[in-house]
Amino acid sequence: MLRIPLLFLAVTVSQAATPVFKASFDNAEEKWSVDHGSAELDSSVLHEGHKSIRLERGPNSPNTCVRLAASTLNIGKRYELSGWVRTEDLEVRDVDRSPIAIGAALAMASMPFDVHSASLGGTQSWTRVSLKFVASRSQDEVLLMVGNGGSFRGKAWFEGVHLDEIPSSGDEWPAREVVQTFGPAYRYPAAGWIYLHIEGKPYERGYQHGHLMAREIPEYLERCAAVLGSKDHWDDYRTTANALFLRGFDREILEEMRGIADGASDAGARWKDRRVDLLDIAVANTTVEMGELASAVSATPTGLEGMSFDTPPYSDRRRDSVKDHCSAFAATGPATRDGKMVIGHVTWWPLTLAEQTNVMLDIKPASGHRMLIQSYPGGIESGTDWYQNDAGVVLTETTIDQTPFNAAGTPVAFRARMAIQYGNNIDDVVRILSTQNNGLYTNEWIMGDAKTNEIAIFDLGTNKTKLWRSSKNEWFGDTPGFYWGDNNAKDLSVRLEEYPDPKGDPHFIPYVPSVRDTAWQQLYRKYHGQIDEQFGFLAFRTAPLVAVATMDAKVATADMATHMMVWAEIGRPNQREWLPNKKYDFAGDDGLYPSGYYLFGAEPSATLRASIEQNEKMRMTDLPRPEIAKTVSASNKPDYGGRLWKGWVLPVSDNDTWFVAGSAEYHQVLQSKDIDQAINAQRAIWRGLQISAATPLEQFRRERARGVLFLDSLRVRMGDDAFLKLMHDYFAANTTKTVTAESFLEKAGLTRVAAHLDAIDPPEGPLYLVNDIWRRLPSAVIVYGTLRDAGANRYAAEQLQHKFLNGYESEVPVYKDFEVSDDLLRHRDVVFVGRPEANSALALWSAHLGLDYEGATFKIDGDVHPSDREALILAAENPLDPAYMVLVLAGNDALSTVKAQETELTGHQYIVFRDGDSPVKGFLARGTSSVQRARVGH
């Protein structure tokens, strides 16, 4: 069995681990409880002589979860959770499109539903699973789960569950190769996000921002233009920003924005064929407010209010409607599990802006608080309005109907940024948000202070406001300890601001609970006294609080806020993809494909600090960066002009096929852009055919490949001129005739023995090409990863299945990674979707396939590929039976996996997909084993 030695690798215990917790089911005093389902101690199923705990489906629950005793952890420290799992006839079923159900797995109670160890299904012997994580709670519990997110039948046993504190090490993310530095600033990709740290005085930190985001800033400006109308009207947007907003920013923020523009331009960024400037960045930071201008002006008194005007009967007046934008909550005191603050937010946003509102911006200014802000390339503020600072203040909002425009006010982008940079508490935040309010982008702000666990909700109109505070026991809707927001203003005076004309059309203005209001109140009543981060994860994956335009999720507890940490997901937080509408959306929209929740923390680990220091030293000394991968190979095609032979010949018998078919195919080879790669493809075909079934078609392909390889070796021996003359003369004399291969050999002065035709032996290399999968669909299966990027991997697998269906007219089966076994895969051509850290089945085979993947970066043929815009497509032999192939399709993030499956599969051993650039295609270096070839330069 292949899995035994591979799984043995997982048994290695981290060095210098400090034990925190060890479960012993031999001990009757061991504390554990069943959250739902059924569980019993089992003395008949032992692991290394110890009793196990057996989990089965209960009568009233489709899945099972057991909670072990709480452990004390140090927030921000790194831990490894591990345990042994055994399964018997375990079948897991999804009960809906989301969430994606998993097998038997381990997790911590603080974690989102899509963060867990590798899971097991089917019938598996005792197998060690583990999960490394950073603690976000000081008291946390281990969870034993089966069928989480769906339903199951069968059994699972757990034993030997350990929790150990482990040191920062080289296997944690981000890997050094993906960290880009510029002075004290740095960036790295993580789960579809870009983490960007900048610091210092305003212009300096802005310049760092611009330099590190030089590629993305023009892309985001393109999106802003599309949302506002058209790139052709960009000068109009600049004029509007200059006239209405620019002078609403103070000198500090203007200097930061100028620094962003200069840093990006000096790094090579161009917009509309010129350098990026201050006004471009101002437009980016006020695009949302510009979008609200029309609604704001219609709600702004003109002086005609109260007068009577008869509307012509043929008119059709309709009010502009403001789209729903967000859902959010904050809880504390009697509503929460520990009496402390919990706060969360999802954004409902246009896809065009959503795709690049994926910057987790960490700003450490020379004055004021350090901040963690969800933002976008070039942003000095959030846009989606998620803010945290090192004083433990968290600020978010949901948009409400637009109130009047105050031209003398300052932009919300400025006020929100100042509130989080200089706000020490809720009083400060409310005061700064209210000062010189221009009214645009009217919001119901939700905020919390981790120092005091106070929460508040603040309806901020243009001239009217209403503040509710937990410290004053002020609650709306009889929900002590809980505030919520969903674009439905709660205060009547603020709602009245939208209706300035007392003689306008009649409307019912008071608050009426919407469907989402009702959903929030029902969740509150169900979980009152138990609200924690899990409440947020559940709410944000449940309709109607998640919807078609939901683009993200953020959840933080008081402990997390104190340590500037947040669970964040870019993409729908229910594992569903958001596809662009090609008819209506911006042409550059790719869609959002869920990567899963990721725990961000502003404090870098020891490993990250070392990477930053080393990479910056390399940058300053101008040493070659290891992550710079090669460009597309230049063509080595000789200029044959009109020297290739013309015409066709027919074989006398099957013995002559190698020459007749081989010469025709070799004619195509010599016209390839890269002859070496074309010959490498022929060698791979030859190798693969040596172990394939002896069908008439395969025999023909074998003879054709024999002919190609012989003719190529003949050309190399004779030289181009002599070889081409031989071929030209032979075909000129014999075109349209029936010929023997012996006649050609005689013309070349060779015999079959002297030609070594029966001893074709190309150097060691691959047996398969990536496009071979098209011929092998009848025996193919697709296996997608559920460890990370589960929603995106599932979507990519389904797209491949659909593509294969159109080519084969029969569906290729799709499995989750934990559903497959050696027996299922042994005599199959296997397509893996998702990189090893995302796909547990691929992780087991990685060493045998020669994969060199470290987290979300891969190395192949001597080059490092760390970009989140890259993906690897690799062909290899099935290690259980080399007569079958493996095709790996693995992106460095969710989007690159999805886009890579659209790549044309060609006659190469590997393809490196590069979004926005030509793919790198090739064959691994000769003369070494598959693993060594993939590890060149490791």
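Helices (H or I, at least four residues) and strands (E, at least two) are DSSP runs, numbered from the N terminus. The model is predicted, so to speak of local features one needs pLDDT of at least 70, while side-chain atom pairs count only at pLDDT 80 or more and totals for chains, interfaces and linings use all residues. Residues are numbered from 1 along each chain as its sequence is written, and side-chain values use heavy atoms, with hydrogens and water left out.

**Exercise 1.** Determine in which order the 10 strands of the open sheet are arranged, and which strands form its edges.

*Solution.* Begin with the order, which is E11-E12-E13-E18-E19-E20-E21-E22-E23-E24, with mixed pairing; two strands pair if DSSP finds at least two bridges between them. Next, the edges are strand E11 (180-182) and strand E24 (465-469), each of which pairs on one side only. Finally, E11 and strand E12 (residues 185-190) are joined in the antiparallel sense over 3 bridges, and Thr181 has Tyr186 in E12 as its bridge partner.

**Exercise 2.** Find which strands helix H14 touches.

*Solution.* Helix H14 (residues 606-620) packs on the sheet and touches E11 and E12, where contact means heavy atoms within 4.5 Å. The direction of H14 makes about 65° with that of E11; axes are lines fitted to C-alpha atoms, for helices over the stretch in contact, and angles run from 0 to 180 degrees between N-to-C directions.
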